[in-house]
Amino acid sequence: MEYRVLDKGLNLVIKIDGKIPSLIQSDPIRLRQILINLLGNAIKFTNQGCVQLIVKTLDLDSENPRLQFEVIDTGIGMTEEQIARLFQPFVQADSSTTRKYGGTGLGLTICKGLTNILGGDICVKSEYRTGTTFTATVKIGTISEVEFVDNHAIKNNVHHALTHSNRTADLEMRYNILLAEDCRDNQKLISFLLNKSGAKVTLTGNGEAAVAKALEAAEKGAPFDVILMDMQMPELDGYAATKRLRSKGYHYPIIALTANSMSGACEECLAAGCNYYATKPINRDQFFATIHKSITEFRENMKNAL
C-alpha cells in the first residue's frame with residue numbers, strides 16, 4: 001500500500017499488539033484480499049493524518065485462537081445510518097461518496113464474506129468526520145507449538161524478504177498490454193508496476209472501450225499481447241466484454257482481474273472466455289508470472305499451429 005499512501009501524503013503505521021504466531025493456518029489469498037481492501041478503503045477516505053493496522057492474537061487459551069486486525073483511519077467517518085447499510089452489496093455511505101471517491105462498496109461485502117469463510121467476522125465503529133475503525137478476525141488453527149514474534153522480529157523478517165525477493169519480480173515485461181480497469185487507484189498501481197518492468201500499457205475505463213480498442217488494434221495487425229480485463233466495470237462489464245470479443249473471433253490472451261475469489265467466481269471468468277485470472281489486490285510476482293505464461297503459451301500454440 002506504500003505507493004497509495006505516499007501519493008496522498010499520509011502515514012501508514014503497522015503495529016503488533018503483544019506477540020503473534022509466526023505461522024498460522026488460513027487462506028493467504030483471501031486473508032490478503034481482506035487486509036488490502038480494508039486498508040485501501042481507509043486510504044481512499046482519508047485526506048490527512050494516518051492509517052493504522054494493529055494486529056493482535058485473541059483467545060490464546062481456547063481451541064479456536066484468532067488473529068484480530070484493526071484498520072484505523074482519520075478519514076471522513078460515517079453516521080449510524082450509513083453504517084447500518086454498509087455491508088449491503090453495491091452500497092456505499094451515500095451516492096455523493098461514490099461520485100467523489102469512486103467504487104460501489106462491493107469490496108466490503110466481499111470482505112465480510114471472506115472473513116466468514118475464514119471463521120471470523122468484520123465489525124465497524126465510526127464517528128462522522130472523525131474516522132473509522134474496521135475490526136476483522138480470522139481463525140488461525142492450532143498454534144500450541146508455534147513460535148511467537150513481536151514488532152522487532154516482524155520488521156527483521158520484512159527486511160529479509162525485501163532483500164531476498166523472488167526473481168519473478170524482476171521479470172522483464174516488454175509487452176503491449178491493454179488494461180481495462182475503471183478504478184483510478186488500480187490503474188495507477190498496475191500501470192506503474194508494468195511500466196517499470198518495460199511494458200507499454202494502454203488504459204481504458206470500461207468494457208465498451210476495451211472491446212473497441214482491442215478489435216481496432218487487431219484489425220491494424222498490431223494486436224495487444226494481452227488484455228487485463230477487470231470483471232466489474234461500468235457500461236459493459238468484463239464478462240460481457242470478453243464474450244463479445246470472443247464472439248467476434250478475437251483469439252488473443254485475456255486475463256480476468258477480479259476481487260472475488262469465492263467459489264465459482266474464477267470458473268465464471270474462464271467460462272466467459274478468459275484464458276487466466278488474477279485476483280485483486282495484485283500480488284506482483286504471481287501477476288507477472290500469469291501475464292508471461294499467458295503470452296508465451298499463446299505464442300507457442302500459434303507457432304505449433306503453423
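This is a predicted model: local features need pLDDT of at least 70, side-chain atom pairs count only at pLDDT 80 or more; totals for chains, interfaces and linings use all residues.
The chain has 306 residues, and 45% of them count as buried. Its secondary structure comes to 11 helices and 12 strands. Among contacts between residues at least 6 apart in sequence, 69% join residues at least 24 apart.

Two helix pairs were examined, and α9 takes part in both. Helix α8 spans residues 207–219, and helix α9 spans residues 238–247. Their axes come within 9 Å and cross at roughly 25 degrees. Angles under 35 degrees count as roughly parallel, so α8 and α9 are roughly parallel to each other. The crossing of α8 past α9 is right-handed. On the α8 side, the contact is made by Gly 207, Glu 208, Val 211, Ala 214 and Leu 215. On the α9 side, Ala 241, Arg 244 and Leu 245 meet them. By class, the residues of this contact are five nonpolar, one polar and two charged.

The second pair joins α9 to helix α10, which covers residues 265–272. Here the axes come within 8 Å, and the crossing angle is roughly 30 degrees. That angle makes α9 roughly parallel to α10. From α9, the contact draws on Tyr 239, Thr 242, Lys 243 and Arg 246. From α10, it draws on Ala 265, Glu 268, Cys 269 and Ala 272. These residues divide into four nonpolar, one polar and three charged.

The cysteines were considered next. The structure holds zero disulfides. Cys 123 is partly exposed, with a relative accessible area of 43%. Cys 266 is in no disulfide. The nearest cysteine sulfur to that of Cys 266 belongs to Cys 269, and it lies 6.0 Å away. A disulfide requires the two sulfur atoms to be within 2.5 Å. Cys 266 is buried, at a relative accessible area of 9%.

Ile 110 lies in helix α5, which runs over residues 106–117. The relative accessibility of Ile 110 is 8%, and the residue therefore counts as buried. Ile 110 is 150 residues from Asn 260 in sequence. In space, the two are 6.8 Å apart, C-alpha to C-alpha.

Gln 52 belongs to strand β3, residues 50–58. With 19% relative accessibility, Gln 52 counts as buried, the cut-off being under 20%. Leu 39 is 13 residues from Gln 52 in sequence, and their C-alpha atoms are 8.5 Å apart. Leaving aside residues up to four places away in sequence, Gln 52 touches Val 13, Lys 15, Glu 70, Val 71 and Ile 72.

Val 201 sits in strand β9, residues 200–204. Its relative accessibility is 19%, and Val 201 counts as buried. Val 201 and Tyr 175 are separated by 26 residues in sequence and by 8.3 Å in space, C-alpha to C-alpha. The residues that Val 201 touches are Ile 177, Leu 179, Ser 191, Leu 194 and Asn 195, again not counting residues up to four places away in sequence.

Terms used: Residues are numbered from 1 along each chain as its sequence is written. Side-chain values use heavy atoms; hydrogens and water are left out. Axes are lines fitted to C-alpha atoms, for helices over the stretch in contact, and angles run from 0 to 180 degrees between N-to-C directions. Helices (H or I, at least four residues) and strands (E, at least two) are DSSP runs, numbered from the N terminus. Angles under 35 degrees count as roughly parallel, over 145 as roughly antiparallel, 65 to 115 as roughly perpendicular and the rest as oblique. A crossing is left-handed if the near helix is turned anticlockwise from the far one by less than a right angle, and right-handed if clockwise. Contact means heavy atoms within 4.5 Å. Ala, Val, Leu, Ile, Met, Phe, Trp, Tyr, Cys and Pro count as nonpolar, Asp, Glu, Lys and Arg as charged, and the others, Gly among them, as polar. Buried means under 20% relative accessible area, exposed over 50%, partly exposed in between (1.4 Å probe, protein chains only).
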